[in-house]
Amino acid sequence: MNEKLNHAIKLREYGQLEKSNSVLIELVQSFPTDAYINYQCAWSFDVMGEESKAVPYYEKAIELGLSGKDLEGAIVGLGSTYRTLGQYEKSYNIFIKGMELYPDNKAIKVFFSMTLYNLQKHSSAMEILLNSLVETSADQDIHKYKKAITFYADKLDETWE
């Protein structure tokens, strides 16, 4: 199994997406309760642009107890996929779970801000993005204005006279 799985991952890395996906589908059929194989299969559908086919594999991987960095990746993948399919509430809920489990993961927060945007929660989306920007940017100009950006992040609708 491990050799076949590694082969499928290498195929994906080399851009042979359909071949990789075929191998992963075979592996899921042989090992349906393996969380990691379900995760890899979801990922393979995602990179091929077949998001709706990825969803059940992401969901199953999480349900089966995927953990650690793989769970982090599955949360980003599933939440983003829900968002691209217009399932904003599901996206919102999976990202909330992700931020509870992985509060330092900036990617989850950025993808969550996109979902907030789709839910018409523009102020919250911008606040998360601006705070993520100042926390992660190495740009000297951003650092120069870090205090001001952070101050205004939750005050975008306010004006001063």
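Is glutamate 72 buried or exposed? In this predicted model, glutamate 72 is buried, with a relative accessible area of 12%, and the points below begin from the salt bridge in which glutamate 72 takes part.

1. Glutamate 72 pairs with lysine 69 in a salt bridge whose closest N and O atoms are 3.4 Å apart. Both residues belong to helix α5, which covers residues 68–84, and because they stand three residues apart they are separated by about one helical turn.

2. As background to both helical pairs, an α-helix has 3.6 residues a turn, so residues three or four places apart point the same way.

3. The structure holds six salt bridges, and one of them joins lysine 155 to aspartate 154, with the closest N and O atoms 2.8 Å apart. Aspartate 154 has a relative accessibility of 46% and therefore counts as partly exposed.

4. Aspartate 46, in helix α3, deserves a separate comment: this residue is buried yet has no salt bridge, and the nearest side chain of opposite charge, that of arginine 12, is 9.6 Å away. Side chains of opposite charge can pair when their charged atoms come close. The separation of 9.6 Å between aspartate 46 and arginine 12 is to be read against the 4 Å limit for a salt bridge. What the side chain of aspartate 46 does make is a polar contact of 3.2 Å with the side chain of threonine 81. Beyond four places in sequence, aspartate 46 is also in contact with Glu51, Ala54, Tyr58 and Gly77, among others.

5. Helix α3 (residues 35–47) also contains serine 44, which counts as buried because its relative accessibility is 1%. The side chain of serine 44 is joined to that of asparagine 21 by a polar contact of 2.7 Å. With neighbours within four places in sequence left aside, the contacts of serine 44 are Arg12, Asn21 and Leu24.

6. The largest nonpolar core comprises 35 residues, and those with the most contacts inside it are Tyr58, Ile75, Leu78, Ile94 and Ile108. Two or more residues each are given to this core by α1, α2 (17–30), α3, α4 (51–63), α5, α6 (88–101), α7 (106–118) and α8 (122–136). Tyrosine 58, when residues up to four places away in sequence are not counted, touches Tyr39, Ala42, Trp43, Asp46, Ala74, Gly77, Leu78 and Thr81.

7. Helix α7 has 13 residues and reaches 19 Å from its first C-alpha to its last, which is close to the expected 18 Å. Its buried residues are Ile108, Phe112, Ser113, Thr115, Leu116 and Asn118, and they pack against α5, α6 and α8. The N-terminal end of α7 is capped by asparagine 105, a side-chain oxygen of which lies 2.9 Å from the backbone nitrogen of alanine 107, while just after the helix glutamine 120 takes a positive phi of about 65°.

Methods: Residues are numbered from 1 along each chain as its sequence is written. This is a predicted model: local features need pLDDT of at least 70, side-chain atom pairs count only at pLDDT 80 or more; totals for chains, interfaces and linings use all residues. Side-chain values use heavy atoms; hydrogens and water are left out. Helices (H or I, at least four residues) and strands (E, at least two) are DSSP runs, numbered from the N terminus. Buried means under 20% relative accessible area, exposed over 50%, partly exposed in between (1.4 Å probe, protein chains only). A polar contact is a pair of N or O atoms within 3.5 Å; within protein, one must be able to donate a hydrogen and the other to accept it, and residues adjacent in sequence count only if both atoms are side-chain atoms. Contact means heavy atoms within 4.5 Å. A nonpolar core is a set of buried Ala, Val, Leu, Ile, Met, Phe, Trp, Tyr and Cys residues joined through side-chain atoms within 4.5 Å. Lys and Arg count as positive and Asp and Glu as negative; His and the chain ends are not counted. The expected span of a helix is 1.5 Å times one less than its number of residues.
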